[in-house]
Amino acid sequence: MKLVSGGLAKEESAIYVLFGNGPRDRRILGAIAEKMDHRVVLKAPSIPRETGLDGLARMLRICIERTRVRAYLLVIDAEHLPPTPIKDALNTVANAFSRYGLSIQGVETLNSYAHILRVVFGHREARVYLAINGLRSNGIEENLAKLIEIRYGDAPRTSDVDSWLRKHGKHDRELIEETGIEELEQAFPGIAAALRALKRGRG
């Protein structure tokens, strides 16, 4: 798999990736996707970027309205969702989507951090893979802290992840590139499960 950027696609077979947070989420997803041995190409469309759950819902509506694309991977940090239980998080997503005319008509839960949603907007339907970053109530830095613990035995606080990386002369993407897929699946359960489901769906 690989992640590329581009304008709004005309082909229905494209897979769009929309991010509800900053560039780190994109870098890390791109690096993990490259570990997946498959022909699937993920496209980050060139549209005005918005953050948070509402921003994600608004971007999704724009894409469904303006393109024929019917498969999406949405990436959001846990800080935008209730910590537990799963149904409360999904209700929060459904409420945000409904503010933009998007209705969730079906849910398949892959794990606590990844779900497949059947989303309807008017007469159009989309298959949405939702990946949640963060392991409790924060963001992707929690996943990085977990990966550092798995690989190196250190357990930095979420707020100290960037300091740890600088101290050890590493970049977040480099940390992903040097790690095997099994360890990444432990540290990034949302992204890994969503990508595997996408791979199965396009196999």
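Start by selecting helix 1 (residues 23-33) and helix 4 (residues 140-152): they pack at about 45°, with axes 10 Å apart. Axes here are lines fitted to C-alpha atoms over the stretch in contact, and angles run from 0 to 180 degrees between N-to-C directions. That makes helix 1 oblique to helix 4, oblique being what is left after under 35 degrees (roughly parallel), over 145 (roughly antiparallel) and 65 to 115 (roughly perpendicular).

This is a predicted model, where local features need pLDDT of at least 70, side-chain atom pairs count only at pLDDT 80 or more, and totals for chains, interfaces and linings use all residues. Residues are numbered from 1 along each chain as its sequence is written, and side-chain values use heavy atoms, leaving out hydrogens and water.

Now show side chains. Arg24, Asp25 and Ile28 in helix 1 meet Ile140, Glu141 and Leu144 in helix 4 (contact: heavy atoms within 4.5 Å). That contact splits into three nonpolar, no polar and three charged residues.

Next, color by pLDDT, the predictor's confidence in each residue from 0 to 100. The chain averages 91, and 97% of the residues score at least 70. Confidence is lowest in strand 1 (residues 2-6), at a mean of 85, and highest in strand 6 (residues 114-121), at 97.

Last stop: strand 2 (15-19), helix 1 and strand 3 (41-45). Each supplies at least two residues to the lining of the second largest pocket, with strand 2 giving the largest share, three residues.

Definitions and conventions:
Helices (H or I, at least four residues) and strands (E, at least two) are DSSP runs, numbered from the N terminus. Ala, Val, Leu, Ile, Met, Phe, Trp, Tyr, Cys and Pro count as nonpolar, Asp, Glu, Lys and Arg as charged, and the others, Gly among them, as polar.
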